[in-house]
Amino acid sequence: GGVKYSHILSGTTGIPATRYKSVTVLTRTGIESDLLSTVLFLLTIEEGKQLLDDLGKNVEVLYVTKDNKLIKTEGFPITYEKNLPYSIE
């Protein structure tokens, strides 16, 4: 029916994640980035911040929301082009 679904499924509900367009994680290793980006894709931003605090991980995160807002941690290195359809929060 024209609906796009994510390949990331909730382990609790079995329903595809729909919260974000993307979550990018920068960390020391690719495996950590892959694991954390998948988990963070399923959590709210607040839950994700708490998880990272609890883990004591030094990572940078960029969320792209469904309404094209860019939400990032303070140290995420991003260059923003004004002509793109995104807004930074």
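User: Which residues is Phe-41 in contact with, leaving aside its neighbours within four places in sequence?

Analyst: The model is a predicted one. Phe-41 belongs to helix 1, residues 30-42. With neighbours within four places left out, the contacts of Phe-41 are Ser-6, Ile-8, Ala-17, Arg-19, Tyr-20, Lys-21, Ser-22 and Val-23.

User: How far apart are Phe-41 and Val-23 in space, C-alpha to C-alpha?

Analyst: Val-23 is among the residues in contact with Phe-41. In sequence, 18 residues separate the two, and the C-alpha to C-alpha distance is 6.0 Å.

User: Is Phe-41 buried or exposed?

Analyst: The cut-off for buried is under 20% relative accessible area. Phe-41 has a relative accessibility of 8%, so this residue counts as buried.

User: In what order do the elements of the protein run from the N terminus on?

Analyst: The protein has 2 helices and 4 strands. Read from the N terminus, their order is β-α-α-β-β-β.

User: How many bridges join strand 1 to strand 2?

Analyst: Strand 1 covers residues 20-26 and runs antiparallel to strand 2. Within strand 2, Glu-60 stands opposite Leu-26. The number of bridges joining strand 1 to strand 2 is 6.

User: Which residue in strand 3 is the bridge partner of Leu-62?

Analyst: Strand 2 also pairs with strand 3, in the antiparallel sense and over 3 bridges. The two strands form a hairpin with 3 residues between them. In strand 3, Leu-62 has as its bridge partner Lys-72.

User: How many residues of strand 2 are buried?

Analyst: Strand 2 has 6 residues and is largely enclosed by the rest of the structure, because most of them fall under the burial cut-off. Across the protein, buried residues make up 28% of the 89 residues. For strand 2, the count of buried residues is 5 of the 6.

User: What is the phi of Asn-68?

Analyst: Asn-68 sits in the loop between strand 2 (60-65) and strand 3 (69-72). Most residues other than glycine have a negative phi. Asn-68 is not glycine, yet its phi is positive, near 65 degrees.

User: Is Asn-68 buried or exposed?

Analyst: The residue lies in the turn of the hairpin formed by strand 2 and strand 3. Buried means under 20% relative accessible area. Asn-68 has 19% relative accessibility, so it counts as buried.

Definitions and conventions:
Residues numbered from 1 in each chain as written. Predicted model: local features only at pLDDT ≥ 70, side-chain atom pairs only at ≥ 80, totals over all residues. Heavy atoms only, no water. Buried < 20%, exposed > 50% of the residue type's maximum accessible area, 1.4 Å probe, protein only. Pairing = 2+ DSSP bridges. Contact = heavy atoms within 4.5 Å.
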